[in-house]
Amino acid sequence: MNFSRTRVALALGAAGALLLALIIISPMLMTSIPSFIGEGGTDPDCTGGSQSEEASDSAASDIPVDYLKLYKEHGEKIGVQWNILAAVGKRETDHGRSELPGVKSGTNSAGAAGPMQFLISTWGGKARIEMSSRFNGYASDGDGDGVGDVYNPADAILGAARMLKRNGAPEQVRRALFVYNRAWWYVDQVEEIAKRYAKSGEVEVPPQADDSCDEPLVEAAPNDVVAKILSFALAQRGKPYLWGGTGPDAFDCSGIIYAAYRTAGLSIPRTTFGQWPFGMKISQGSEQPGDLVFFNSGPGTGPDRPGHVGMVVSKGQMIEARCRLCGPIKVTGYASRGNIVGFTRPLQNPDIVEQLTRLRKASL
């Protein structure tokens with residue numbers, strides 16, 4: 001697909017391969033129900049976030065009150081569609097009402113447990129985990145008692161929300177569901193249930209998930225150089241994360257920024273550690289498109305040595321290649337993200353100012 005920009009025209013590379021990660025096996029089989037997200041001919045609303053879905057009469061009558069509250073609370077907290085969470089809970093255990101093995105105790109024949117049917121290994125190695133201990137998994141404390149209990153609905157629903165978020169939701173929700181259970185018929189069934197639970201009859205996705213929202217971002221760029229940088233970066237959405245990647249098929253967090261600036265004829269440091277001291281420091285609130293936002297995240301990092309970086313595309317929004325298991329390159333919000341170290345403006349580095357001067361002279 002080609003995107004036509006007013007000031008910049010770029011050809012998109014091939015989309016990256018699907019990420020395959022931890023898989024949860026469903027204990028029940030059902031007939032496939034074909035359905036698709038995002039059908040319809042209306043233009044997306046690119047001006048704000050995804051609207052909170054109201055529950056349909058079907059949802060209110062089918063979902064226990066305490067479960068509905070948890071789906072909404074943890075869906076909003078983590079940033080995934082509550083009706084997708086609810087549909088997973090319905091598909092797996094009928095919101096915990098199933099009497100099959102593994103729902104309230106033990107595991108089923110596939111090793112899955114709890115109302116959201118986590119593999120014990122995926123949860124963290126055992127059914128109940130002290131949250132103060134070290135473990136590798138999605139065990140979560142949804143009720144604040146300090147224990148991640150796979151059989152506790154509050155804990156299990158929070159864990160499911162975190163897993164879906166890490167694998168692409170809310171933007172790439174079908175991809176995230178595929179990782180939850182590696183079967184497209186399962187994805188179709190969950191999506192169909194989620195549509196019935198929403199008053200609108202749809203599974204809403206954030207506006208930044210629609211490619212046609214790229215053009216307004218580019219058009220709002222403060223100058224042609226930033227427009228070219230943004231246009232390249234946005235065109236990489238959907239490609240996978242690859243540590244050390246600088247394209248064209250995959251990138252890491254600093255690699256996509258390095259490549260975007262190179263497209264504009266500018267040379268900046270390759271790594272996050274090099275990019276942090278390179279740009280002029282700016283205060284939060286004064287950032288603009290093309291600036292960089294840094295996070296204290298990753299091994300060997302700290303408050304004065306950030307290990308993750310994203311590029312600001314509009315106030316409160318950035319494009320980032322986050323990690324191998326975090327889903328594809330996408331536009332996400334940074335305003336509520338923890339561990340922000342600071343913001344920089346590479347275009348005000350003296351070396352970049354000199355490079356821009358040379359480029360202008362060469363174009364005369």
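What you have here is a predicted model, and its mean pLDDT is 84, with 82% of the residues reaching 70 or more. One stretch calls for care: over residues 1-51 the pLDDT stays under 50, although the model has 119 contacts beyond four places in sequence for them. Where pLDDT is low, the predicted coordinates should not be read in detail.

Now for the interior. In soluble globular proteins, nonpolar side chains tend to be buried together. The largest nonpolar core in this model holds 46 residues, and Ile63, Tyr71, Leu85, Met116, Phe118, Leu164 and Tyr180 are the ones with the most contacts inside it. Two or more residues each come from α2 (65-78), α3 (82-93), α4 (120-123), α5 (153-166), α6 (173-180) and α7 (184-197). Helix α5 gives the largest share of this core, seven residues.

Which residues does Met116 touch, if those up to four places away in sequence are not counted? Its partners are Tyr71, Leu85, Val88, Gly89, Glu92, Ala156, Ile157, Ala160 and Tyr180. Apart from this core lies another, made of 36 residues, including Leu230, Cys253, Tyr258 and Leu347.

Leu230 leads us to helix α9, where Leu230 is one of the buried residues. The helix spans residues 224-234 and is mostly covered, with eight of its eleven residues buried. At the start of α9, look for Asn223: one of its side-chain oxygens comes within 3.1 Å of the backbone nitrogen of Val225.

Note on methods: Residues are numbered from 1 along each chain as its sequence is written. This is a predicted model: local features need pLDDT of at least 70, side-chain atom pairs count only at pLDDT 80 or more; totals for chains, interfaces and linings use all residues. Side-chain values use heavy atoms; hydrogens and water are left out. A nonpolar core is a set of buried Ala, Val, Leu, Ile, Met, Phe, Trp, Tyr and Cys residues joined through side-chain atoms within 4.5 Å. Buried means under 20% relative accessible area, exposed over 50%, partly exposed in between (1.4 Å probe, protein chains only). Helices (H or I, at least four residues) and strands (E, at least two) are DSSP runs, numbered from the N terminus. Contact means heavy atoms within 4.5 Å. pLDDT is the predictor's confidence in each residue, from 0 to 100. A polar contact is a pair of N or O atoms within 3.5 Å; within protein, one must be able to donate a hydrogen and the other to accept it, and residues adjacent in sequence count only if both atoms are side-chain atoms.
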